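Hi there,

Here is the structure I promised to pass on to you. Please have a look at it first, and then read my notes below.

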Amino acid sequence: MMSNNNNPTLRKTRTFLLKKSDSMQLPTVQPMEVFPKRSASLRFPTSPQLVLGEEMLHFSHPQHPLSHVNLPDLFTCAGCKEYGAGKRFTCQQCDYQLHDFCALAPPALKSHPFHCQHQLVFYSKPVKGGIAQSKCDVCNKPIKGYAFRCGACSFQMHPCCAMLSSEISLLYVHPHTLRLLPASTTLSSGSDPSFVCGECRRKRSGTRVYHCTVCDYHLHAVCAKNMINGLHENGIKNREKPSMLGTAARLASQVVIEFIGGLMEGLGEGVAEVFVQNVTRSGRGNGRGR
C-alpha cells in the first residue's frame, strides 16, 4: 500500500527549561553593556532566543510550560503585576501569564541609560515597606512584583520601564525623536509641570517625561510604557490600576459623608419633632386661656 504524502505533518515546537540560579531567579547571562539610543524599546540579552509557538518552563511557574503567543486581549502579568496585551507567555492549563520582557528578563543590567552609574539587579519580589508601596523611579507607579533594583542606592524600575531608553522614536505617535528630560526637572516634590502630555492630554507630576527635539511635544514615561506592553498597539487605553491607598481614601470619604448625612438627617428629624411639640403645647396653652 502506498503512503499518502498529502497528509500534513505536525510541526514540533521546542521546549526548554528556564532554571533559577543561586543569586537570581533567572539563568546567568552577561549584563547588558550597550543600549541603542533611537529604538522604540531596548532588547535584553536572553538565552535562549525564542520565536512564536515555542514553550518554556519558567522558574515562577514550574508546574506547567508557558507558550509564547500573541493575543489582543488585556491581561495582568503574574510577574510585574501590571497590565499588558499582545505578546506574552501564557499557560494553556491555567490563567498564568507573563509579559515577554518579564519572562525573558536578564539577571542584571549594566550601564542602563536611566541609571548608568550602578548595575541593576533583577528581583522577583518587591521590597517590603508596610502599607506604603515602593514606587518606580521612571513611571512613579507602585512596584508590586518583578523589578530591577540598584544595590548601591534606592533606584528601581519596572521591567517594562527598563525597556525604554533615553531617546526613543515612535513614528506612529510622533514624527520626531523624543529625548528624556533630566529627572531633576520632572521628579521634584511639589512641582507642577507646565506641559501637557501629547498622549493622555493631561499634566502629571512624578513621572519622567520625554520631550521632542524639534517641537513642543511631550510624552509621559508612564504613557510611553503603553507602547512597550502592547496596550497602545491593541487599542487599549486608560487602564491604570487604582492604588490601595487611593481606594481606601475614597472609601473612607464615602463613609464619612454618609455618616455626616445620617447625623444631619437625625438632627433634622429631632429639631422638627421638638418644633411640633412646642407648637402643640403652645396651642393647648392658648386654649386654656380662653
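Is Gln97 buried or exposed, and why? Gln97 counts as buried because its relative accessibility is 10%, where buried means under 20% relative accessible area, exposed over 50%, and partly exposed in between (1.4 Å probe, protein chains only).

Before going further, a word on the source: this is a predicted model, in which local features need pLDDT of at least 70, side-chain atom pairs count only at pLDDT 80 or more, and totals for chains, interfaces and linings use all residues. Residues are numbered from 1 along each chain as its sequence is written, and side-chain values use heavy atoms, with hydrogens and water left out.

Back to Gln97, which sits in strand 5 (residues 97–99); helices (H or I, at least four residues) and strands (E, at least two) are DSSP runs, numbered from the N terminus. Its side chain is joined to that of Arg88 by a polar contact of 2.9 Å. By polar contact I mean a pair of N or O atoms within 3.5 Å; within protein, one must be able to donate a hydrogen and the other to accept it, and residues adjacent in sequence count only if both atoms are side-chain atoms. Leaving aside neighbours within four places in sequence, Gln97 is in contact (heavy atoms within 4.5 Å) with Phe75, Thr76, Cys77, Ala78, Arg88, Phe89 and Thr90.

Now for the chain as a whole. It has 5 helices and 13 strands, and 39% of its 290 residues count as buried. Of the contacts between residues at least 6 apart in sequence, 56% join residues at least 24 apart.

One sheet may interest you: an open one of 4 strands, in the order 10-11-12-13, with antiparallel pairing. Two strands pair if DSSP finds at least two bridges between them. Strand 10 (167–168) and strand 13 (218–220) are the edge strands, each pairing on one side only. Strand 12 (residues 209–212) pairs with strand 13 in the antiparallel sense over 3 bridges, and His218 in strand 13 is the bridge partner of His211.

The loop between strand 12 and strand 13 holds Cys215, which counts as partly exposed because its relative accessibility is 35%. Not counting residues up to four places away in sequence, Cys215 touches His174 and His176. Cys215 and Thr177 are 38 residues apart in sequence, with 9.9 Å between their C-alpha atoms.

Best wishes
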